[in-house]
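Here's a quick briefing to read alongside the model.

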Amino acid sequence: MEEKPLQKVHKVMLSNRRSGVLNGVIDVLSFDVGEILLETEQGMLMIKGSDLHVNRLNLEKGEIDLEGRIDSMAYSDVNPAKTTATFLGRLFR
């Protein structure tokens, strides 16, 4: 019987499109006031909005707290275990 690898929990809690708490974050790949790109346990997550700020970041626990106007959140399927691909290769796969 084939065992599936244990996947960590990824949770997104968004309040009034103004603040959010995310768990299961592996890395912050890029960040500015209009866009945040995260690598999560469930793939790449692009958060778009305005006046975005990271209030708290703890990559050891995989947690991030965000604030600002959140207009969209979009996932792309990326295999986080595949480390040979470049950042752009993973983004546009």
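There are four salt bridges in this predicted model, a salt bridge being a side-chain nitrogen of Lys or Arg within 4 Å of a carboxyl oxygen of Asp or Glu. As a predicted model, it needs pLDDT of at least 70 for local features and 80 or more for side-chain atom pairs, while totals for chains, interfaces and linings use all residues. Residues count from 1 along each chain as its sequence is written, and side-chain values use heavy atoms, leaving out hydrogens and water.

**Salt bridges**
- Arg17 pairs with Asp71, with the closest N and O atoms 3.1 Å apart.
- That pair ties together distant parts of the chain, 54 residues apart: Arg17 sits in the loop between S1 and strand S2 (19–23), Asp71 in strand S6.
- Arg56 forms salt bridges with Glu63 (closest N and O atoms 2.9 Å apart) and with Asp65 (3.1 Å, N to O).
- Asp65 counts as buried at 18% relative accessibility, whereas Arg56 is partly exposed at 33% (buried is under 20% relative accessible area, exposed over 50%, partly exposed in between; 1.4 Å probe, protein chains only).

**Sheet**
- Six strands make an open antiparallel sheet, ordered S1-S2-S6-S5-S4-S3 (strands are DSSP runs of E, at least two residues, numbered from the N terminus; two pair if DSSP finds at least two bridges between them).
- Twelve bridges connect S5 (residues 43–58) and S6 (residues 63–76).

**Leu52**
- Leu52 lies in strand S5 and is buried, at 1% relative accessible area.
- Its contacts (heavy atoms within 4.5 Å) beyond four places in sequence include Phe31, Ile47 and Ile70.

Definitions and conventions. Helix = DSSP H or I, 4+ residues; strand = E, 2+ residues; numbered from the N terminus.
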